[in-house]
Amino acid sequence: MSKLKLGAMLLLAFMIGGAAVGGVFAAMHSGEEVRVAAQRLEDGRVEVAVQQKQADGSWGERLLPELRFVPAAAPTGSWLVSSAVQTIAPQSAMTGASATAEAVQDDGQQEQPEQDAGAPQGPPPDEMTEIAPGVYHFWGSTYSSLVVISGDDVLISDPSTPLRVPGIKAKIAEVTDNPVNMIVLTHEHYDHAGGTEEFPDATLYVQEQALPVFDLMALAPKPDVDQTFDKFLSIPVGDTVVELHYLGPGDGDATTIIWMPNEGVIHTADMYEPRALTGAAWVDDKNFAGVHKILNELSTWDIKYAINGHSPGNSIDALAENTAYYNDLYDAVINTINETVEANPGNPFAIFGLLGTIRELVQLPQYSDWANYDTAFPAHVWRMFMSIFHGD
Ligand SMILES: [Zn+2]
């Protein structure tokens with residue numbers, strides 16, 4: 001049997017098995033829909049991933065199990081299993097939502113028995129790590145929150161959803177009996193701004209451009225905003241201070257940089273991922289020229305710990321790497337625009353000719369090993385092009 005046929009059989013077997021496991025689990029536990037994605041690699045292996053259907057009906061970013069490669073020489077008639085991945089259930093199904101897919105060991109040596117496949121696991125436990133005195137990085141359900149506990153004050157960022165709030169409250173209760181009395185948001189998107197209603201006595205601070213967006217929200221409860229700011233707001237929190245900076249649109253209109261100057265702690269969301277391109281489904285509301293500007297400005301700040309919206313741990317390296325990525329993308333797109341303008345002197349509409357070609361003209365193969373490059377990079381090129389030349 002040729003490697004191609006063998007691989008195709010394995011792939012088919014995997015897709016059926018994985019889809020069945022995911023589907024059964026989803027039906028039993030949450031109603032969330034997942035599907036299995038797979039791609040053949042040049043060396044003959046097949047790489048597998050899981051995607052989850054989003055609230056808008058699109059398919060989310062591919063979740064990559066650590067063990068996810070079907071070896072080219074895998075035996076026939078034998079199920080292989082991947083390591084588990086956690087899916088995110090944004091609203092009703094968030095608690096306990098998990099899907100596992102069958103896949104494989106990448107060395108072909110250590111197959112796991114079939115009965116291991118698809119054993120549901122709960123989401124990773126919430127973590128709250130002290131990153132500076134009284135300053136914590138809360139990580140739960142793949143969302144980050146800043147938690148500051150100082151004096152009688154307790155400030156949090158981005159509750160995200162009511163389903164995530166009990167975990168935040170439980171972790172805070174391990175440190176203080178004081179209630180959350182201040183909430184700040186990284187931006188207006190519902191999956192970060194949700195859950196504020198669980199803290200009716202807390203003061204909610206947001207950048208003012210979130211308000212007209214909140215007015216249009218048809219589904220999630222509208223956050224009950226107490227105080228807005230334009231460019232800058234400094235909030236005393238016990239013995240320290242939390243600053244809110246608006247540097248322009250980034251992800252959404254009300255992109256806010258949360259900054260603790262005394263501690264060198266920064267918190268942003270949805271502007272970069274570690275070694276991954278933001279999935280194509282999530283870039284439509286992202287001003288790429290704005291993200292380029294913001295990341296470059298942040299690169300001059302003396303940051304010791306960077307909380308990213310969807311990354312555990314200190315993402316300061318990812319911040320630096322993504323600044324380089326956005327610089328390369330910006331330069332590549334604007335150089336292509338300038339070449340077109342210079343080749344068509346006196347024709348201000350020549351740039352329109354790039355509408356159908358810009359996605360193919362710009363490539364950055366040095367980032368092709370970043371997750372989502374193949375699927376998301378054309379969308380990144382498009383959004384950078386539109387942000388530069390069209391202003392959004
Ligand atoms: Zn967002």
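In which loop is Thr142 found? Select Thr142: the residue is found in the loop between β5 (135-140) and β6 (143-150). Helices (H or I, at least four residues) and strands (E, at least two) are DSSP runs, numbered from the N terminus. Thr142 has a positive phi of about 60°, although it is not a glycine. With 18 other C-beta atoms within 10 Å, Thr142 is partly exposed. A residue is buried if 20 or more other C-beta atoms lie within 10 Å of its own, exposed if 12 or fewer, and partly exposed in between, the C-beta atoms being placed from the backbone.

Two remarks apply to the whole tour. Residues are numbered from 1 along each chain as its sequence is written. The model is predicted: local features need pLDDT of at least 70, side-chain atom pairs count only at pLDDT 80 or more, and totals for chains, interfaces and linings use all residues.

**The whole chain**

Display the complete chain. Its secondary structure comes to 8 helices and 15 strands. Of the 392 residues in the chain, buried residues make up 42%. Among contacts between residues at least 6 apart in sequence, 62% join residues at least 24 apart; two residues are in contact if their C-beta atoms, placed from the backbone, lie within 7 Å.

**The sheet of three strands**

Select β1, β2 and β3. These 3 strands form an open sheet in the order β1-β2-β3, and the pairing is antiparallel. Two strands pair if DSSP finds at least two bridges between them. β1 (34-40) and β3 (69-70) stand at the edges with a single partner strand each, so one side of each is left without a neighbour in the sheet. Next, select β1 together with β2 (residues 46-52): 7 bridges join these antiparallel strands. Ala37 stands opposite Ala49 in β2.

**The sheet of seven strands**

Select the strands from β4 to β10. They form an open sheet of 7 strands, in the order β4-β5-β6-β7-β8-β9-β10, with mixed pairing. The edge strands are β4 (127-132) and β10 (227-229), each of which pairs on one side only. Neighbouring strands of this sheet are turned by 20° against each other on average, direction ignored. Axes are lines fitted to C-alpha atoms, for helices over the stretch in contact, and angles run from 0 to 180 degrees between N-to-C directions.

Within this sheet, select β9 (residues 203-207) and β10. The two strands run parallel and are joined by 3 bridges. Val206 stands opposite Thr228 in β10.

Select Arg275, in the loop between β14 (265-268) and α5. Its phi is near 55°, a positive value in a residue other than glycine. Arg275 has 16 other C-beta atoms within 10 Å and is partly exposed.

**Helices α5 and α8**

How do the axes of α5 and α8 cross? Select α5 (residues 288-298) and α8 (residues 373-389): their axes come within 7 Å and cross at roughly 90°. That makes α5 roughly perpendicular to α8, since angles under 35 degrees count as roughly parallel, over 145 as roughly antiparallel, 65 to 115 as roughly perpendicular and the rest as oblique. The contact is made by Phe288, Ala289 and Gly290 of α5 and by His380, Arg383, Met384, Ser387 and Ile388 of α8.

Now select Lys293, which is found in helix α5. Lys293 is partly exposed, with 18 other C-beta atoms within 10 Å. Leaving aside its neighbours within four places in sequence, Lys293 is in contact with Leu247 and Gly248. The C-alpha atoms of Lys293 and Tyr326, 33 residues apart along the chain, are separated by 8.9 Å.

**Helix α6**

Finally, select helix α6 (residues 316-343). Its buried residues are Leu319, Asn322, Tyr325, Tyr326, Leu329 and Val333. They pack against α5, β15 (305-308) and α8. Tyr325 counts as buried, with 21 C-beta neighbours inside 10 Å. The C-alpha atoms of Tyr325 and Gln366 are separated by 9.4 Å, although the two residues are 41 residues apart along the chain.
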